[in-house]
Amino acid sequence: MAVKNKKLNLKDKYQYLTRDMSWEPTYQKKEDIYPEERFEGIKITDWAQWEDPFRLTMDAYWKYQAEKEKKLYAIFDAFAQNNGHQNISDARYVNALKLFLSGVSPLEHAAFQGYAKVGRQFSGAGARVACQMQAIDELRHSQTQQHAMSHYNKHFNGLHDAAHMHDRVWFLSVPKSFFDDARSAGPFEFLTAISFSFEYVLTNLLFVPFMSGAAYNGDMATVTFGFSAQSDEARHMTLGLEVIKFILEQHEDNVPIVQKWIDKWFWRGFRLLSLVGMMMDYMLPNRVMSWAEAWEVYYEQNGGALFKDLERYGIRPPKYQDIANDAKNHVSHQAWATFYQYGHATNFHTWMPEKEELDWLSEKYPDTFDKYYRPRFEHWAKEHAEGRRFYNNTLPQLCQVCQIPTIFTEKDDPTMLSHRQIEHEGERYHFCSDGCCDIFKDEPEKYVQAWLPVHQIYQGNCEGGDVETVVQKYYHINIGEDNFEYIGSPDHKRWLSIKGKSTDEKAENANKDAA
Amino acid sequence: MSQLVFIAFQDNDNARYLAEAIMEDNPEAELQHQPAMIRIQAEKRLVINRETMEEKLGRDWDVQEMLIDVISIGGNVDEDDDHFILQWK
């Protein structure tokens, strides 16, 4: 094995190909070259202390990424050639992909833009290279997800205009505003928000159990892009943890600033993930684990270990963590109930769970499901069976910060909606929680500018005042194809014909009456 | 309080060797099979040794090759030419 020593070792290679490629400017001041490095109040005394534990250099990066892409596209080809969409567990599953393509994939693109931007703003070479690689990763994720789902677009409705919808549709303003908030912050807050709070603390919940769920539902294309993206994510997570440790080690004045950002971005991420909770508990016909179980493993257990490690820097677990931990037994049900009611204004279908699915939920949520949610769902199922599929035509009140309708309940009283309001410069603002209200109070000048879909409709900025016009003309959701109840939908009929079954006429008529 | 580190791999041919090597070098670790993935967790520390992997594979193995099959990790990373270590200090 003596031959091996002829190669540079990993540490030296990283030093030569990363740090040593940088130089000290001579005829321009550093502050002019990196103008955004100071305004957030973060003090960096020595960029040389920055550690990239993977010590990945550009040459190795291209080599491994190329290999990942080759494997990924071989599977996409095989999936398409073999009509892989016919082998999924049930076509209801495809609705999770519609939400993913319009809600998550555009975030990958936003992350690409965000890292490309902040990668320019740091005077440390190690940080710049790590951000550059991550920017390219995120672009790859956005592209591979669109490629994977383009196959489904040939066979199912609702996948035809994801980027357009992301900018306009009411519930998609939730993920969109999350990333816009991060991207319009300073570079250190962006890294704390996305690299640490989102990538390290929370994305496991999006990409690990949900993708394992995709595999369990026969969707090899999605599980493959999911895990291929997540293999980059392991590097991003490591970056996230190193970023935090680096900032905290640089100066004690950084600690309260970072703590405030961790509190803010944990809460924003937790609210955003309500959508994922709903996908896991309601949109995967074959279920791997419940949202509550995933939260326990990936937040309470892994996040707990992480925050214990950060104690030595004077960092405590995020504020309102107790509320989030308690909410694991509620959020997925509350979110699904909301989408079910507003299924006429979504690019995917909704439905009430079947009997065995309700039983599974009762088993997984013994303290909450039977008591608070099952009776409501059984009532809606009965209404639907009698030709009265319920749709709510009143536009909901949105939280000024997370932009989710104020549908969540108080920690100590699940029958009481959680609602906060404050007056700011003569205007009244509404919030879903203390967590979101605190974020507003800290930077009201930012959040008064929020583009709230419901307000925009009422102000006449969405091509019409009635739901139908907004949905059709402004959102580009095809009425009667993309939206409404799943049972009797064109997707449902197509799926039955793929499986060689006839359409249940009764269900179809019930749907028609209600619509 | 227990403080677990973890690593998850795609359940494929490469990862089966990785899982074997990890379980040999970290006998106290717990291995979980989930759809399409293998997840390994251990108290405080997990190590992947290049030497063990090379024995399993019967060929040279670069520690960074694990990047292709890894899905997620939890813990501080320390990597050099011979090891990939995850730990909470």
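In what order do the four strands of the open sheet in chain B stand? In this predicted model, the order is β2-β3-β1-β5, and the pairing is antiparallel. The edges of the sheet are formed by β2 (30-34) and β5 of chain B, each of which pairs on one side only. From one strand to the next, the twist averages 15°. Between β2(B) and strand β3 (residues 37-43) of chain B, which run antiparallel, there are five bridges. B:L31 has B:I40 of β3(B) opposite.

A further open sheet in chain B consists of three strands in the order β4-β7-β6, with antiparallel pairing. Here β4 (45-49) and β6 of chain B have a single partner strand each and stand at the edges, so one side of each is left without a neighbour in the sheet. Direction ignored, neighbouring strands of this sheet are turned against each other by 10° on average. Strand β7 (residues 83-87) of chain B runs antiparallel to β6(B), and four bridges join the two. The bridge partner of B:N76 is B:Q87, a residue of β7(B). Helix α2 (residues 50-57) of chain B packs on this sheet, where it touches β4 and β7 of chain B. The direction of α2 makes about 50° with that of β4(B).

Taken as a whole, chain B has two helices and seven strands. Its elements follow the sequence β-α-β-β-β-α-β-β-β from the N terminus on. The radius of gyration of chain B is 12 Å, close to the 12 Å given by the globule rule for 89 residues, so chain B is as compact as a globular protein of that length. Along the principal axes, the C-alpha atoms of chain B fill a box of roughly 40 × 30 × 20 Å. Of the 89 residues in chain B, 44% are buried. When contacts in chain B between residues at least 6 apart in sequence are considered, 63% of them join residues at least 24 apart.

Chain B also meets chain A: 27 residues of chain B are in contact with 31 residues of chain A. On the side of chain B that touches chain A, at least two residues each come from β1 (4-10), β5 (70-74) and β6 (76-79) of chain B. The most is given by β5(B), with five residues.

In chain A, helix α3 covers residues 58-81. At 1.5 Å a residue, its 24 residues should span 34 Å, and this agrees with the end C-alpha atoms, which are 34 Å apart. Within α3(A), A:Y61, A:K68 and A:L72 are buried. The buried residues of this helix pack against two other helices of chain A, α6 (125-153) and α11 (220-250). Just after α3(A), a positive phi of about 50° is found at A:N83.

How values were computed. Residues are numbered from 1 along each chain as its sequence is written. Chains are lettered from A and ligands numbered from 1 in the order in which they are written. This is a predicted model: local features need pLDDT of at least 70, side-chain atom pairs count only at pLDDT 80 or more; totals for chains, interfaces and linings use all residues. The expected span of a helix is 1.5 Å times one less than its number of residues. A residue is buried if 20 or more other C-beta atoms lie within 10 Å of its own, exposed if 12 or fewer, and partly exposed in between; C-beta atoms are placed from the backbone. Two residues are in contact if their C-beta atoms, placed from the backbone, lie within 7 Å. Two strands pair if DSSP finds at least two bridges between them. Axes are lines fitted to C-alpha atoms, for helices over the stretch in contact, and angles run from 0 to 180 degrees between N-to-C directions. The radius of gyration is taken over C-alpha atoms; the globule rule is 2.2 Å times the number of residues to the power 0.38.
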